[in-house]
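These are my notebook entries on one structure, written while I looked up a few places in turn.

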Amino acid sequence: MTRADFMARLKRGLVGMPTSSAADILSDYETHFEDGKAAGRSEAEVAQALGDPDRLARELKAEAGIRRWNQEQNPSAAAGAVFAVLGLGAIDILILLPILMSVIGVLFGFYMAALGLFIGGGAVMIAGPFAGFPGGALAAILGGLGLMAAATALAALTTILTIWLVNGLVWFARLHYRLLKPALDAQANDNSGDRS
């Protein structure tokens, strides 16, 4: 594989990453080729030593997604980490994805229930005193505040569960990938030996 082929495949694989991060990575790999050339190695030798650029791009995107999640811990970072890990292919998607989608659906349902409960609590608090709420105006205001507090607590607990889910998925992917990596490396070495 030539330097241009390797860099083109790596660049294509890094699509979706922030432009500055992808540029830094590409610059680093250009440096590897320059250093190899200075050491008298051919482009093909350097490319072979660096490995499969498609797999390398998936690993780099997964690490970047996980790093972003560890720094930011917001919904966007969580989605980025989950999709980057799934893109890595280290997790058996056929088994994990249906389970993951079910859990995400349940969490989304809890968020929607919290939103509905909060809106309902606000309606009871505002309209209850004028609509003849049982127990009077004070009961309507307190009841509405109670529903809004319950909604806030439900949303907070759901957020904690979501963070645990993403952290667990990241932990599982790293563990699974560490266990899978020696087998993938052996397979890649076998394949490169077969081509010789």
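**Entry 1: Ala-155**

I found Ala-155 in helix 7 (residues 137–195), where a helix is a DSSP run of H or I with at least four residues, numbered from the N terminus. I keep in mind that this is a predicted model, in which local features need pLDDT of at least 70, side-chain atom pairs count only at pLDDT 80 or more, and totals for chains, interfaces and linings use all residues. Residues are numbered from 1 along each chain as its sequence is written, and side-chain values use heavy atoms, with hydrogens and water left out.

I looked up the accessibility of Ala-155 and noted that it counts as partly exposed because its relative accessibility is 24% (buried is under 20%, exposed over 50%, partly exposed in between, with a 1.4 Å probe and protein chains only). Leaving aside neighbours within four places in sequence, I saw Ala-155 in contact with Tyr-111 and Ala-114, contact meaning heavy atoms within 4.5 Å.

**Entry 2: helix 4**

I checked the length of helix 4 (residues 53–72): its 20 residues should span 28 Å at 1.5 Å a residue, and its end C-alpha atoms are 28 Å apart, which agrees; the expected span is 1.5 Å times one less than the number of residues. Which residues of helix 4 are buried? I listed Pro-53, Arg-55, Leu-56, Ala-57, Glu-59, Ala-62, Gly-65, Ile-66 and Trp-69. Just after helix 4, I noted that Gln-73 takes a positive phi of about 45 degrees.

Note on methods
Helix = DSSP H or I, 4+ residues; strand = E, 2+ residues; numbered from the N terminus.
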